[in-house]
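Please open the model in your viewer and keep the sequence panel beside it. The tour moves from one selection to the next and says what to look for at each stop.

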Amino acid sequence: EEKKFKAKDHVINQGENGDCLYLIEEGNLECFVKREGKVQKVKDYSSGDSFGELALLYNCPRAATVIATTDVVAWCLDRETFNNIVKDAAQKKREKYEKFLKGVDILSTIEPYELMQISDALRTATYHKDDYIIKEDEMGDVFYFLEEGECVATKTLGPGQPEKEIKQYKTGDYFGERALIKGEPRYANIIAKSENVRVISLDRDSFKRLLGPIEDMLKRNMEKY
């Protein structure tokens, strides 16, 4: 069902019961979470994004408040339809990613609920041998876990010099955190070295919001190279 909202309209409110998932056709919204008496903005939404699925998946109250910042056209998928069509696929995706993430050393201290949130935010991409996943000196806004395959990091160590291999990556490793933590260009190239490489990724906002509890650990590991 089509739904239209005006700027400043509350589309959902934290703590209320939820009965539909929203898919945004056009417009922009902001997501806020109240924790320990403080309201914090955690995400922006725009055309193509969706929200509201957690209340449907777990029959729990809304976990956040979402407010329109412009006029918005959205489509509402009701609970019954969601359960019949979407729920099984969403749960299978989450279970798959949770199983993978539990095997990543850096995430061993993450709470189960936080792991679930990370699983929901992940995106998958596939690369082929010699594809550049990350390019040195470009600005970066994505953090990667290597789900399958092998990659290498290369870096130009001086003007006119060829790229030199500085690190190898295998399944369960991660890369791309330096640019997000330090706000600087990519430190090195990351290149696919096996025929099929599959990565799962978090965007900058999700990285900051969901991996905040282990940022100090990421910084320490980063200094090793």
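Begin by selecting Asp137, which sits in the loop between β10 and β11, where helices (H or I, at least four residues) and strands (E, at least two) are DSSP runs numbered from the N terminus. Its phi is near 75 degrees, a positive value in a residue other than glycine. Asp137 is exposed because its relative accessible area is 58%, on a scale where buried means under 20% relative accessible area, exposed over 50%, and partly exposed in between (1.4 Å probe, protein chains only).

Before going further, note that this is a predicted model, in which local features need pLDDT of at least 70 and side-chain atom pairs count only at pLDDT 80 or more, while totals for chains, interfaces and linings use all residues. Residues are numbered from 1 along each chain as its sequence is written, and side-chain values use heavy atoms, with hydrogens and water left out.

Select Asp130 next, in the loop between β9 (123-128) and β10 (132-134). Asp130 also has a positive phi, of about 75 degrees, although it is not a glycine. With a relative accessibility of 44%, Asp130 counts as partly exposed.

Now zoom out to the whole chain. The protein chain has 7 helices and 16 strands, and its C-alpha trace spans about 55 × 35 × 35 Å along the principal axes. Of its 225 residues, 43% count as buried.

The next selections are charged pairs. Side chains of opposite charge can pair when their charged atoms come close. A salt bridge here is a side-chain nitrogen of Lys or Arg within 4 Å of a carboxyl oxygen of Asp or Glu, and by this rule the count comes to 10 salt bridges.

Select Glu147 and Arg198 together, and draw a distance between their closest N and O atoms, which are 3.0 Å apart in this salt bridge. The pair links distant parts of the chain, since Glu147 belongs to strand β11 (residues 142-148) and Arg198 to strand β16 (residues 196-203), 51 residues apart. Glu147 is buried, with a relative accessible area of 10%, whereas Arg198, at 26% relative accessibility, counts as partly exposed.

Move on to Arg178 and Glu184, whose side chains meet in a salt bridge with an N to O distance of 2.8 Å. Arg178 is buried at a relative accessible area of 17%, and Glu184 is partly exposed at 24%.

Asp173 counts as partly exposed at 22% relative accessibility, and Lys170 counts as exposed at 53%.

What is the volume of the largest pocket? It is about 1,100 Å³. Of the 44 residues that line this pocket, select the closest to its centre, which are Tyr45, Glu53, Leu54, Asp120 and Arg209. A pocket, on a 1 Å grid over the protein atoms alone, is an open set of points where a 1.4 Å probe fits, with protein on both sides within 12 Å along at least five of seven lines, and lining residues have an atom within 4 Å of a point. Grid points are joined across faces, edges and corners, and a volume is the space filled by probe spheres set on the points. Coloured by class, the lining shows 23 nonpolar, 7 polar and 14 charged residues, with Ala, Val, Leu, Ile, Met, Phe, Trp, Tyr, Cys and Pro counted as nonpolar, Asp, Glu, Lys and Arg as charged, and the others, Gly among them, as polar.

For the last stops, turn to two prolines. Pro159 lies in the loop between β12 (151-156) and β13 (163-169) and counts as exposed at 86% relative accessibility. The C-alpha atoms of Pro159 and Val199, 40 residues apart along the chain, are separated by 31 Å. Pro112 is found in helix α4 (residues 112-121), and Pro112 is exposed, with a relative accessible area of 61%.
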